[in-house]
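Student: I have not looked at this structure before. Can we go through it by question and answer?

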Amino acid sequence: MDLVFLLASFSFMLCWTASDRKMKSMTNRAQGSMAGGLLFAGPAGAGESWMPQHIWAAIPSILMFGIGGAAFAVRTWLWWRRPRKTLIDPEDIDRRGALAKELLDRFDASDDLAALDLGITGLRLAVMASGRDPQYVRHLANLVLALRSRYERLHEREDLDEAIELGQQVWHLRTHRRERLALMAFLGGALRLRHAHFGDTQDMEDAVRTGEQAENLARPGLLAYAASAWSNRSRIFVICLNELSVTYDSRYRHTGDPKHLDEAITMRRNTVGYLIVRGYERARSEDEAALCRLLVARFEERGEREDLEEAVRAGRAAVAETPPSHRFHAAAVQPLAQALRIRYETHGDGADMEESVRLLQGLLATAGAAEARSASHRHDLALTLHAGRKCAGVDASPALRLSREAAQDTLADIGTRIAAGLTWAEIAKATGAQSAVAAYEEVISLLPRLASRELRRGDQEHRLAQLAGIASTAAAHALAAGHPERAVTLLEQGRGVLLTRSLDLRLDLSGLRQEHPQLADEFDELRSREDSLGLHSTALSSTGFGNPSDPTRAEERRQERRSLSDDWEALLQRIRSHQGFADFARPASIDRLLAQAVHGPIVYLNVSALRSDALILHPGGVRVVSLPEASPECVREQLDILETALLPQNKSDRQMLTRVNDVLAWLWTAVAAPVVKVLGLPAHRTGPWPRIWWVPTGQLALLPVHAAGLHDTKNDNEPQTLIDRVVSSYVSTVRALEAARERHPAPGGKPLVVAMARTPGAGPLDSAVREAALVHELLPGAELLMNEDATAQRVRDALENANVAHFACHAVLDVREPSKSRLLLHDHRYDPLTVVDVSRLRLRKAEFAYLSSCDTAHTGPRQPDEAIHLASAFQLAGFSQVVGALWPVKGMLAEFFAKDYYRRPPGEAAEPASGITEAETVHRAARQARERSPNLAVHWAGHVHAGC
């Protein structure tokens, strides 16, 4: 019909045009003959207006053309919306899909990779040929599962990413056919697997939501599930249930919440029970193996013997039903071998040990050395042999070799390599500390990859938190082996991983630009890309998953991050390949670290279960001082005392507040006094004060080492206090100290004062007004931003020209994700000024920052070695020296401390300046505050100086 209207309209228009031309020709001839008899005739047609000669033809032509065009557009739109016709016969598509399915079944039965490759190729052709045909979803679901299976076998990242990209088409499919539910289930499994290997929490959240949605949509299949016949609908429901069970297991491993493990076990038990009744053997074996693994995990969580015995029974059934040639054989054997090993460790039955070793040796014999799964087999066998060594005196050499090979297998995922490295270290402890140090070095070298650039900042922090304290343990073993220099480099490389990465982004490129300007330009371009992508975004809310467009966009962003990460690695390798740049952006050498001790000793305070020591860096080398009283248990006890005393309900309890003095006394006895004795630091009264830089590790980083002392002896000839002997500063790493000293601020900066007396969503802070007025008076020309004027963007803009920045406002410490800790400005609920937001600034004129806010030098207890707090953020932004607080300080007391700091004695500079003056000034202010509150160290000991 639309074509009829179009043709009719064109016919009318042609008739109209032809008749119009004929009329115009006749008119022109008439006008010409008339013009011949006129003396003053003008040009032909002059004064005429354009009008169609046959309006009766124009109107219907326009109407018919419009109707026809609209109808044609609607038909075209409907044609694109409907299932597309294909040039391939539907029966041929079915044959392609059936052949691909046979190939996949062959892969399942014989672990034939060639069959898997051919099957994937066939499924791709079937998907392309079927278009939007009903067969399309079925072929797509099988393709996603096949790609996921190949990734599990070979660990080629492209397969997993392609499976997820294809699976996300499910959100654009309107049908609720069972094939769509299978596609959703397989997509959830692929997302779960990618989270397990690469650590993106969004993948885990998306996997859970996808799996739960698939299970809910398939729940009507419960009727068929309870029926006597094994139907396609009940099979789909079982698939959804099983994929969700694995996802809940991964969620348990991510969060540690045992309820997720219980849910996973319940789901598996239900499906195993049903499959046993129906006799569906292959699916039954897979579920029994999965149930075995889950029950082992719960036994390790709760220690209930019934779980372990049930795990062994389920594992045996899974292995018995899975022939050795089947590709799932390894997945069935591994959990049974683990269950037998754990039962051997629990009950000491040698038969369990022998069976576990036999099973794992069989797996390793059939797996090729170039296969990704061989690393997992080696690690499992190493664990089993190590258990035998502990219980029966078996030779540790094979276990040591197997774990080392697994840790160094580049085909394995990072999680497996790190787990194998830790096992290697554990086994090595029995054979010699030197071997253990090599194992820890391997693990620490993998930390940057564990916290890959492609992950969001919160995921990076979460993954590093899982290995908190690894650097301290490694350093302790290096010290036990007699290698103090090696211990120092391990502490530098294994701590502050994210901080070091940020420092590398700010490297001076002048030498590189002079020799290789193109590489320097590429480095700048990648820095800009990283900023534009917002890789370290700490937005307080995340994008939802419900909108079908969200997963696609999230996947695009993830691929952009991955591409950027790959580009960084490639560029750094190219730079390091040039002569003179082999150490570009690499961990600092021991000589480079010792060179920073020229202005005063740098003291690492290392606490571990093996031993605790102070490692004193001086230009000549490293000196080790034993700290036997500073065990991890003692440090935790003192931290508990401090945290209890600082609870809001105890702020008026004088007796409780005085317990802070007890913590300072312990710090003097257990930590500071041995260092003071070795360094020979006498009581100091006049003249330039000596300096010391502290690098505390682990939980010790949360204690006020700089205030250590028995402060009732402050007036003695030899006071037992640190503050009366030396000026203390903190640095997170020596690399950070080096970076602070290398900064050369641009001239022309002016002071900035930010104060928030009234903060939306927070209590009033009246002292901030007085503090701001005082600082503004003592810093001539300072820009003042108060209350409504102190928005995040205005503060960022003002910081660009600031050499000194003073903040008097509330701050929030995010214990779970420290990078979200933030200053509370006027618009903090909409535009928070977080740790990461500050650290991303590149301030050219910055010199000194004073953060008169709570907890600005306090990091979360889960990542104490990462030094993620506002003070370190301002240092990264460009301020080489920062004053912060370890705990909340009352507004009036903060005001007094600021007054003591800024009102300097005659002869001192009126403004803060670079050099050691700032550290001395903070030190003097602390001593004056101590005089005001001699028995309440809580009022002054929380203020710290960080930087050069």
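Student: How do the residues lining the second largest cavity divide into nonpolar, polar and charged?

Tutor: The model is a predicted one. The second largest cavity has a volume of about 130 Å³, and 14 residues line this cavity. By class, its lining divides into 8 nonpolar, 3 polar and 3 charged residues.

Student: Which helices each supply at least two residues of that lining?

Tutor: The lining residues nearest the centre of the second largest cavity are Leu 464, Leu 467, Ala 468, Asp 865 and Glu 866. At least two lining residues each come from helix H21 (457-465) and helix H22 (470-480).

Student: How much space lies in the largest cavity?

Tutor: The structure holds 8 cavities of 30 Å³ or more. The largest cavity is lined by 18 residues, and Tyr 730, Ser 732, Ala 857, Ala 867 and His 869 lie nearest its centre. Helix H36 (870-877) and strand S14 (943-947) each supply at least two residues of this lining. The space in the largest cavity is about 270 Å³.

Student: At what angle do helix H13 and helix H14 pack?

Tutor: Two packed helices are described by the angle between their axes and the distance between the axes. For H13 (residues 305-320) and H14 (residues 329-347), the axes are 9 Å apart and the angle is about 145°.

Student: What is the handedness of the crossing of H13 and H14?

Tutor: The contact includes Leu 308 and Val 312 of H13, and Leu 336 and Leu 340 of H14. Its residues divide into 11 nonpolar, 4 polar and 4 charged. The crossing of H13 and H14 is left-handed.

Key. Residues are numbered from 1 along each chain as its sequence is written. This is a predicted model: local features need pLDDT of at least 70, side-chain atom pairs count only at pLDDT 80 or more; totals for chains, interfaces and linings use all residues. Side-chain values use heavy atoms; hydrogens and water are left out. On a 1 Å grid over the protein atoms alone, a cavity is a set of points where a 1.4 Å probe fits but cannot get out, and a pocket is an open set with protein on both sides within 12 Å along at least five of seven lines; lining residues have an atom within 4 Å of a point. Grid points are joined across faces, edges and corners, and a volume is the space filled by probe spheres set on the points. Helices (H or I, at least four residues) and strands (E, at least two) are DSSP runs, numbered from the N terminus. Ala, Val, Leu, Ile, Met, Phe, Trp, Tyr, Cys and Pro count as nonpolar, Asp, Glu, Lys and Arg as charged, and the others, Gly among them, as polar. Axes are lines fitted to C-alpha atoms, for helices over the stretch in contact, and angles run from 0 to 180 degrees between N-to-C directions. A crossing is left-handed if the near helix is turned anticlockwise from the far one by less than a right angle, and right-handed if clockwise. Contact means heavy atoms within 4.5 Å.
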